[in-house]
Amino acid sequence: MKRITDFMWLTIPDSGSPHFYRQLVEFGRFVERECRPGCRHDLACWPNIFWQKVEAQMLAGLQRFLQADGDGITMLQWYNSGVFIKAAGKTIAFDLVPVPRYYGWPEPTGLTGQIATAIDALLITHAHADHFDSELVKACLMLNKPVYMHPAAAPAELEVIRVADGACYRLDLINIRAHHACHVWRQQRDEVATAAFEADLAGKYRLVFCGDADYTKDLAALAPAPDALFITWRNPGPQYEDGHPEQTSTTLDAVRLAIARFAPQRLILQHYCELDHVYKGFSASYEMAISLIEKIEVPASVHFWGDIVDLSEPLAKASSA
């Protein structure tokens, strides 16, 4: 197979392809090689045909998601950790960023307003720019759509719902519970105001969305055995990081600890190839995600931006390569 040497060889990962995992890896390597400072598709440059091609895929996925009907539990994977969940006649969203705004890219006309109109509630785990978008929050509030955030993360000028630790909130048939948490790679909760969320979808499905919460500690109040557990990329701290002076375990150990503690029916891996992290030198880490999927004991998946997933359908355990 040809090495990707120019943009014309970039393949947007296709979840329906038998080569999806290989495509993810190649996509991540393309970003590492072609999109960092000074490279051919430097993310700080506009127009940026790399992002425009990716964005077209995401927008197509959004339109399919908005047009889809049914009684199941449907997820749209958006950029980074952002997800839409359609269930029980409502659409809730977690950590949505309509477009990465780090580089001054314009958003497609009306996109933020379209998203705010489409969702019934927005839940934000913390105020880092890859999880929180103030323009979307303002658009939701203008439409009287509730926005849930940790009290210490919520900007003072925005009238969001400041969630108490362990408190429950109701959105028609959907029950939401907030849990204050410790951000990954931090020692104390107060270093980065972070919340994880449980959502019970009309008693038919329960998910736990961690965002960047450390899933190995400080979440003892979470009810066990969710249908889906969403966790962040790489690992929760230096003790799990390969090559770090403080390393005592591995990422696989960290994920297995979460599985043993929470006993999820399925695991959904998030945050891979977050563009600003890669731009600043991190790897896209898709290889790590695929390795985890092959080795852990419960069904697990990683999705690309714009993918639509039927969470009602059982997920088979991946076979080891």
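This report walks through a helix pair, a sheet and some individual residues in a predicted model.

## About the model

Residues are numbered from 1 along each chain as its sequence is written, and side-chain values use heavy atoms, with hydrogens and water left out. Because this is a predicted model, local features need pLDDT of at least 70 and side-chain atom pairs count only at pLDDT 80 or more, while totals for chains, interfaces and linings use all residues.

## Two helices side by side

Let's start with helix H2 (residues 49-67) and helix H3 (residues 111-118), whose axes come within 12 Å and cross at roughly 25°. Helices (H or I, at least four residues) and strands (E, at least two) are DSSP runs, numbered from the N terminus. Axes are lines fitted to C-alpha atoms, for helices over the stretch in contact, and angles run from 0 to 180 degrees between N-to-C directions. H2 and H3 are therefore roughly parallel to each other (angles under 35 degrees count as roughly parallel, over 145 as roughly antiparallel, 65 to 115 as roughly perpendicular and the rest as oblique).

Where do the two meet? On the H2 side you will find Leu59, Leu62, Gln63 and Leu66, and on the H3 side Leu111, Gln114, Ile115 and Ala118. Contact here means heavy atoms within 4.5 Å.

## A closer look at Leu59

Leu59 lies in helix H2. At 25% relative accessibility, Leu59 counts as partly exposed (buried means under 20% relative accessible area, exposed over 50%, partly exposed in between, with a 1.4 Å probe and protein chains only). Leaving aside residues up to four places away in sequence, Leu59 touches Trp78, Pro108 and Leu111.

## A seven-stranded sheet

Seven strands form an open sheet with mixed pairing, in the order S7-S8-S9-S10-S11-S12-S13. Two strands pair if DSSP finds at least two bridges between them. Strand S7 (168-171) and strand S13 (300-302) stand at the edges with a single partner strand each, so one side of each has no neighbour in the sheet. From one strand to the next, the twist averages 20°.

Inside the sheet, strand S10 (residues 205-209) and strand S11 (residues 228-231) pair in the parallel sense over three bridges. Phe209 stands opposite Phe230 in S11.

## Backbone details in the loops

The peptide bond from Trp46 to Pro47 is cis, with omega near 0°, and Pro47 is found in the loop between helix H1 (20-34) and H2.

Asp95 has a positive phi, near 50°, and sits in the loop between strand S3 (90-94) and H3. Asp95 is buried, with a relative accessible area of 0%.
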